[in-house]
Amino acid sequence: MVAERADAARNRRRVLDAAMTLFAEHGAANVSMEQIAANAGVGKATLYRRFPDRAAIAEALLDEHERALQDKLISGAPPLGPGAAPAKRLAAFYSVMVDLLEQHGHLVLGAEVGHSRFDVGAYQFWRAHVLTLLRDAHVDRPDVMVDQLLAPVAPDVHRYQRETLEHTPAEVKGALTDLAHRVLG
């Protein structure tokens, strides 16, 4: 692996910092690549060389948070980590996903747009995790059920429930916990 040049690392950090600020203020969908370049003080060519689009920037910003969650799913304490019943693990997963969406929903919406949601590495990890829980619980048709169980934590669904329907995070978590226990027993 080639080490990143110091100036490239500085530019990358400037882009990510500028994007984080702009995304938080305006929502990722309302920020252009040109605005990010201008706020970061870099040229558009520099920006596009590292990040082909806004979704790539949002994905880079989310990466640290998602990796920490992935580590907890793999080796953390139960019920999020191994050692708890599948239903309890799914309920714990839903709870931390709601927290992630509450804290970083604007980034998730920027990274997961339309069909690209299914191509994001984190989605594939979440899918593998939930699929394992379904199989461990001996649920029929786990390959079909897995995406149905991830749909409630899609960023646009979460935003609709919070902003349009005005459900609290606790209400959303409670409903998802109920869903986990009804499906996985």
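In the predicted model, R12, V15, L16, A19, M20 and F23 of helix 1 are in contact with R54, I57, A58, A60 and L61 of helix 4, contact being defined as heavy atoms within 4.5 Å. Helices (H or I, at least four residues) are DSSP runs, numbered from the N terminus. By class, this contact comprises nine nonpolar, no polar and two charged residues. Here Ala, Val, Leu, Ile, Met, Phe, Trp, Tyr, Cys and Pro count as nonpolar, Asp, Glu, Lys and Arg as charged, and the others, Gly among them, as polar.

Two packed helices are described by the angle and the distance between their axes. The axes of helix 1 (residues 6-26) and helix 4 come within 10 Å and cross at roughly 95°; helix 1 is therefore roughly perpendicular to helix 4 (a term covering angles of 65 to 115 degrees). Axes are lines fitted to C-alpha atoms, for helices over the stretch in contact, with angles running from 0 to 180 degrees between N-to-C directions.

Residues are numbered from 1 along each chain as its sequence is written, and side-chain values use heavy atoms, with hydrogens and water left out. As the model is predicted, local features need pLDDT of at least 70 and side-chain atom pairs count only at pLDDT 80 or more, whereas totals for chains, interfaces and linings use all residues.

Three aromatic pairs are found in a search of the whole structure. Rings of Phe, Tyr and Trp (its six-membered ring) pair if their centres lie within 6.5 Å; planes under 30 degrees apart count as stacked, over 60 as edge-to-face and the rest as tilted. The ring centres of F93 and Y94 are 6.3 Å apart and the planes lie at 40°, so this pair is tilted. For F93 and W126, a centre separation of 5.8 Å and a plane angle of 55° likewise give a tilted pair. The latter pair links distant parts of the chain, F93 in helix 5 (residues 86-111) and W126 in helix 6 (residues 121-136), 33 residues apart. Both F93 and Y94 are buried, as is W126 (under 20% relative accessible area, 1.4 Å probe, protein chains only). Ring pairs join F93, Y94, F125 and W126 into a cluster.

Backbone geometry was also examined. Most residues other than glycine have a negative phi, and most peptide bonds are trans. A cis peptide bond, with omega of about 10°, joins P78 and P79; P79 lies in the loop between helix 4 (54-75) and helix 5. R141, although not a glycine, has a positive phi of about 50° and is placed in the loop between helix 6 and helix 7 (142-150). R141 is exposed (over 50% relative accessible area), at 62%.

Key:
Helices (H or I, at least four residues) and strands (E, at least two) are DSSP runs, numbered from the N terminus. Angles under 35 degrees count as roughly parallel, over 145 as roughly antiparallel, 65 to 115 as roughly perpendicular and the rest as oblique.
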